[in-house]
Amino acid sequence: MELSLIHAGLAAGAALAAVPVILHLFMRQTPKHVVFPAIRLIRERQKRSRKRMKIKNWLLLAARMALLALMALALARPRLHSDMPMGDESVPTALGLVFDTSLSMSYKENDKTLLDQAKDRAREIIGRIPDSSLVFAVNSADPGVPVGLSPSAARKWIDNLTIRPVNRPLNVATGQVYPAVAECDRPRHEVYILTDLSRSSWSPDRPAEGLDRAKQVKGSPAAKIATFVLRVGSQEFSDVAIDEVALSSTTATQGEPLEVRGVVRALGPNPVSPIVEFYLDGVKKGNQPVEIPAGGQAEVRFTTPPSLKEGEVHRIVLRLTGAPDALKFNDERYLSFGVRPALKVLLVADQTIDADYVASALDPSPGALKSFELELARPAELVVRYRDTLKDFAAVFLLNVATLDESAWGLLNGYVHEGGGLVVGLGDRCQPKNYNGPTAAQVLPAQLDDPPHAAPGGEITFGKILDVTHPLFERFAKEFDSQFAVMPVFRYWKLKTTEASRALLSFADGAPALVERTFRGAKTGRVLLWSTPLARRPGLNDRARWNEFPDASYWAFPVLMNLTVPYLAGATSDQLNFEAGDDVVLNLKPDARYQNFLVTGPDEKTTERLSPPVVGDPLKITAPQHLGQWTVTALGPDNQKTMLGFSLNPPRSESVMTRLEPAELDAMFGKDGYALADDPESLKKLIDVVRVGHEIFPWLMMLILLLVTAENFLANTFYKEPPAPTDAGKAKAAA
C-alpha cells in the first residue's frame with residue numbers, strides 16, 4: 001500500500017503542530033519565590049504534585065499538537081493506493097481495450113445487443129481520458145499486435161466492431177494488449193476487458209497471456225497496469241435454441257428417406273412453446289410445435305422424401321419461430337447431405353447359411369427400397385465372374401470360406417489396394433495354411449494360430465471396445481459395450497497381428513475379436529477381420545456353433561453390419577456439416593480431374609477461388625466463418641461443372657450461457673490482479689479507487705473530533721479549581 005495527497009501543499013500545515021510548543025515556551029510565567037517560614041506542609045505537598053502536573057501538561061500539549069497536524073493532513077486529502085498508478089482524468093493514459101465479439105454477445109437487452117452495450121461503456125471510458133492518451137484495442141476474433149490510436153480514432157474503430165462466429169479465448173487476446181500498453185510511455189496504464197463473462201469466451205485453465213511479457217519490457221511499469229473486467233448484460237438470460245441437429249446418415253441412399261433429428265433447449269424461468277420449421281432445398285416441408293418446460297428440452301424429428309435427385313448436395317434448415325427470443329444466431333441450424341445409389345455388396349461363402357445372417361442384416365425386407373444390393377457367390381466363382389467388376393462393389397464379405405486359390409487372393413489384394421473394403425469372418429471351415437499364405441498375408445491384418453481356441457470354461461463374452469472413436473462404434477459405443485458383455489462366445493481363432501494392423505474389439509480374455517488393416521492410396525482400402533463367425537448354428541452339438549453374435553435377441557449385429565458397409569465404402573468420411581472455425585475437408589472422386597474450385601458463401605458475396613489439390617487428396621477450405629449453406633463449384637475439363645457444398649453451424653458451446661466463476665478469474669489474473677465491475681456505477685467507483693485511491697478524509701475528521709473532545713476533557717480536568725473548603729473542613733484542618 002502507498003499513500004498519496006491530492007493537495008500536497010496543504011500538508012505543510014502540519015508544521016503548525018509546533019505552535020502549542022512555541023506558545024508554551026514564550027508565554028509561561030516566571031515563578032515568583034515567596035518564602036513562608038515554617039510552612040513545611042505546603043512545601044511537601046508542592047513536591048508531590050509537581051510530578052503529576054508535568055505529566056498532565058505534556059499530555060495536553062501532545063493532544064493539541066496532534067489536533068493541528070491532523071487538521072492540516074485532512075485538508076491535504078490523503079488517499080491509500082494498492083500498487084496502482086495515481087492520478088486524475090487529466091493524466092495521459094495508455095489504455096488497452098479487449099472486446100468479446102463472440103456470438104453470445106449478440107444477445108439483446110432493451111433493444112441493444114451486449115456488444116452495443118460494451119461499445120457504449122468503452123466510449124465512456126475513452127471520454128474520461130485526455131486527447132494525449134493512446135488506445136490499444138483488439139477484439140477476440142482478430143489476432144495481431146494493436147497500434148496505438150488516438151481517442152477519436154479509437155471511437156471510429158469501436159463503431160466498426162461486429163459479432164464474429166470464430167473467436168480466440170479472451171485471456172489469449174490479452175497477449176497482444178498487455179505488452180503494447182506496457183511499452184507505451186504514457187504515465188498511466190489501464191486495460192479493460194468487456195465481455196458477458198460466458199465461459200465459452202475464455203480458456204479458464206490457462207493464465208492471462210501477455211502479463212509476463214509485459215513485465216519483461218525494459219523500464220516497463222507493467223506491475224502497475226490496472227486491469228478491469230467489465231461484465232455487460234444482466235445476470236439471468238432467457239433463450240430458446242436449436243441445440244443439436246443430426247442426420248440418420250451422412251449420405252442418403254437413392255429411394256430411401258433420411259431422418260432429421262433436432263433438440264430444442266430452453267433457458268430461463270418460464271416454459272416456452274416454439275414451432276420448429278423444416279426446410280429442404282429452400283422449400284418448407286413441414287413444421288412441428290413443441291412444449292418445453294423451464295430449463296428443459298424437447299426433440300423434433302422430420303423425414304426427407306425418398307425421391308431426391310442423386311449426385312447433388314441437398315440442404316436442410318431447421319428454424320425456430322413462434323417464441324420471443326433475444327438470441328437469434330442459434331435459432332437456425334443447417335445440414336447438407338448427398339444422395340448415392342444403393343451400395344453393392346458381394347457375399348462369398350462355401351455354405352449359404354454362413355451368408356444368411358449378414359444378408360438378413362443388410363436386407364431385412366426383400367422387395368422394399370434397399371440401401372444395399374446383395375450378390376451371393378461361391379469362392380470358385382470369384383475370379384471367373386468378378387475379375388473386371390469387383391471394383392464396383394462397396395464391400396466384399398468372405399464368410400467362413402475354407403480356402404481361396406492364389407488368383408482369388410491376388411484379386412482381393414488388388415481390390416483393397418485400390419480402395420475396396422473387405423470383411424473376413426473366420427469360422428470352423430477356414431484352413432490356417434491357406435489364410436497364412438504369402439498372397440493372403442498381403443491382404444489380411446493377422447495370421448491364424450492353429451488350432452481354433454476353445455473359450456475357457458466353454459464360454460466367454462466379448463470384451464470392451466478398444467477404440468470408441470472408431471466410425472463403427474462412436475455412435476453407439478456404450479450400447480454396444482452393454483450387449484457385447486452378455487454375448488456368448490464358444491470358440492475363436494487366436495490371431496497373430498502385424499504392425500500394420502490394430503485391434504478394435506477384444507474378447508473378455510483380452511484376445512482380439514476384430515482387427516483392421518488399412519491401405520493408403522487415392523482411396524483408402526480397408527480390411528476387417530473377425531476371429532469368430534458372422535453366423536450362428538442353433539444346434540448345441542454343431543461343430544460350427546462358435547457364438548451367439550447374430551442371434552435375433554441382440555440388435556448390435558444388424559446395426560454393426562449396416563455401419564460396416566458405408567464405412568468400407570468411405571461414405572462415413574463424406575462429412576458435409578461443420579462448425580465455424582473448423583477446416584472444411586471435402587472428398588473428391590479419385591478419378592475426377594478438376595481445373596479449379598469456386599467457393600461461395602451463404603451471402604453469395606463471399607467468394608474464393610481455389611486450385612485443385614493433388615490427385616487423390618481432398619479439397620481443403622481453411623476455417624470459413626459465415627454461418628449457413630456454402631456452395632462449391634468444381635470446374636472440370638471442357639468447362640464441365642460439378643456442384644458440391646457444405647453447411648456451417650455456430651459452435652454449440654456458444655449457446656451454453658454458463659458464467660465464469662470468480663475463482664477462475666482469480667486463477668487467470670491473480671486474486672488481486674484485476675477489478676470486476678457489473679455496471680457503470682460500480683465501474684466508476686473502481687476507477688476512482690484505482691486512479692485516486694481510497695479516501696481517508698472521513699476517518700481523519702472522525703479522529704479530529706475525538707481529539708477535540710479528548711483535549712477539552714483533559715483541559716477541564718487538569719485545570720479545574722478545587723472546591724472551596726467548608727466550615728467543617730476548616731475546623732478539621734485547624735485541629
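Student: Is arginine 231 buried or exposed?
Tutor: Buried means under 20% relative accessible area, exposed over 50%, and partly exposed in between (1.4 Å probe, protein chains only). This is a predicted model, where local features need pLDDT of at least 70, side-chain atom pairs count only at pLDDT 80 or more, and totals for chains, interfaces and linings use all residues. Residues are numbered from 1 along each chain as its sequence is written, and side-chain values use heavy atoms, with hydrogens and water left out. At 5% relative accessibility, arginine 231 comes out as buried.

Student: Which side chain does arginine 231 meet in a salt bridge?
Tutor: A salt bridge here is a side-chain nitrogen of Lys or Arg within 4 Å of a carboxyl oxygen of Asp or Glu. For arginine 231 the N to O distance is 3.2 Å, and the partner is aspartate 678.

Student: How many residues apart in sequence are the parts that this pair ties together?
Tutor: Strands (E, at least two residues) and helices (H or I, at least four) are DSSP runs, numbered from the N terminus. Arginine 231 sits in strand E8 (residues 226-231), while aspartate 678 is in the loop between strand E35 (675-677) and helix H15 (680-691), so the parts tied together are 447 residues apart.

Student: Is glutamate 516 buried or exposed?
Tutor: Glutamate 516 forms a salt bridge with arginine 526, with the closest N and O atoms 4.0 Å apart. Its relative accessible area is 1%, so glutamate 516 is buried.

Student: How many salt bridges does a search of the whole structure find?
Tutor: Some are linked in a network, with Glu244, Glu259, Arg261, Glu299 and Arg301 taking part. The search of the whole structure gives 33.
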